[in-house]
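Hello,

Here is the structure I promised to pass on to you. Have a look at it first, and my notes follow below.

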Amino acid sequence: MKKLRLLKGVLKRTNANQIIIAFVIFFFIDALLIWLIEPSIKTYGDSLWYCFSVFTTIGFGDLIATTVIGRILTALLSILTIFVVALVTGVIVAFYNDVVSMQYKATKAEALDKLENLDKLSADELKALSKQIKTIL
């Protein structure tokens with residue numbers, strides 16, 4: 001649960017959540033426009049399938065854009081897809097870095113707390129603390 005809140009915080013701090021929502025809206029609008037413009041795409045479902053194949057860069061070839069506007073919309077979707085994938089990757093890396101940093105700070109704080117109470121630790125606890133400090137340094 002804590003990691004999920006951290007990820008939400010990273011998304012919010014970077015405004016990635018707004019960009020992802022905007023991309024999803026663009027995706028569906030793009031599919032609608034392609035459906036209306038392209039003569040070879042007969043249904044909105046086919047248009048969504050076409051946009052999905054563009055989004056995933058699979059490009060099955062079963063549906064293609066033949067009009068200039070359809071090709072421009074396809075190019076825009078491809079460019080935005082690259083941007084969103086790069087953004088999500090960056091957010092995941094930032095999330096991972098935040099988690100590692102939190103764990104490091106927690107370990108360091110725990111070790112410092114034990115150092116302040118050395119006289120109360122057993123021999124086994126002192127050995128464990130020694131190992132823990134060596135990993136921190």
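Let me start with Asn15, which is partly exposed, with a relative accessible area of 38%. Please keep in mind that this is a predicted model. Asn15 lies in the loop between α1 (2-13) and α2, and its phi is near 60°, a positive value in a residue other than glycine. Most residues other than glycine have a negative phi.

You will find Thr57 in the loop between α3 and α4. With 66% relative accessibility, Thr57 counts as exposed.

Next, the helices. The axes of α2 (residues 16-37) and α3 (residues 44-55) come within 8 Å and cross at roughly 125°, so the two helices are oblique to each other. The crossing of α2 past α3 is right-handed. Among the residues of α2 that meet α3 are Phe23, Phe27, Ile34 and Trp35, while the α3 side includes Tyr44, Leu48, Tyr50 and Phe55. By class, this contact has 13 nonpolar residues, one polar and one charged.

Finally, the core. The largest nonpolar core has 13 residues, and Ile34, Ile41, Tyr50, Cys51 and Leu77 have the most contacts inside it. Two or more residues each come from α2, α3 and α4 (68-116), and α2 gives the most, with four. What does Ile41 touch, leaving aside its neighbours within four places in sequence? Ile41 is in contact with Ile34, Trp35, Asp46, Ser47, Tyr50 and Leu63.

Enjoy exploring it!

Best wishes

Key. Residues are numbered from 1 along each chain as its sequence is written. This is a predicted model: local features need pLDDT of at least 70, side-chain atom pairs count only at pLDDT 80 or more; totals for chains, interfaces and linings use all residues. Side-chain values use heavy atoms; hydrogens and water are left out. Axes are lines fitted to C-alpha atoms, for helices over the stretch in contact, and angles run from 0 to 180 degrees between N-to-C directions. Angles under 35 degrees count as roughly parallel, over 145 as roughly antiparallel, 65 to 115 as roughly perpendicular and the rest as oblique. A crossing is left-handed if the near helix is turned anticlockwise from the far one by less than a right angle, and right-handed if clockwise. Contact means heavy atoms within 4.5 Å. Ala, Val, Leu, Ile, Met, Phe, Trp, Tyr, Cys and Pro count as nonpolar, Asp, Glu, Lys and Arg as charged, and the others, Gly among them, as polar. A nonpolar core is a set of buried Ala, Val, Leu, Ile, Met, Phe, Trp, Tyr and Cys residues joined through side-chain atoms within 4.5 Å. Buried means under 20% relative accessible area, exposed over 50%, partly exposed in between (1.4 Å probe, protein chains only).
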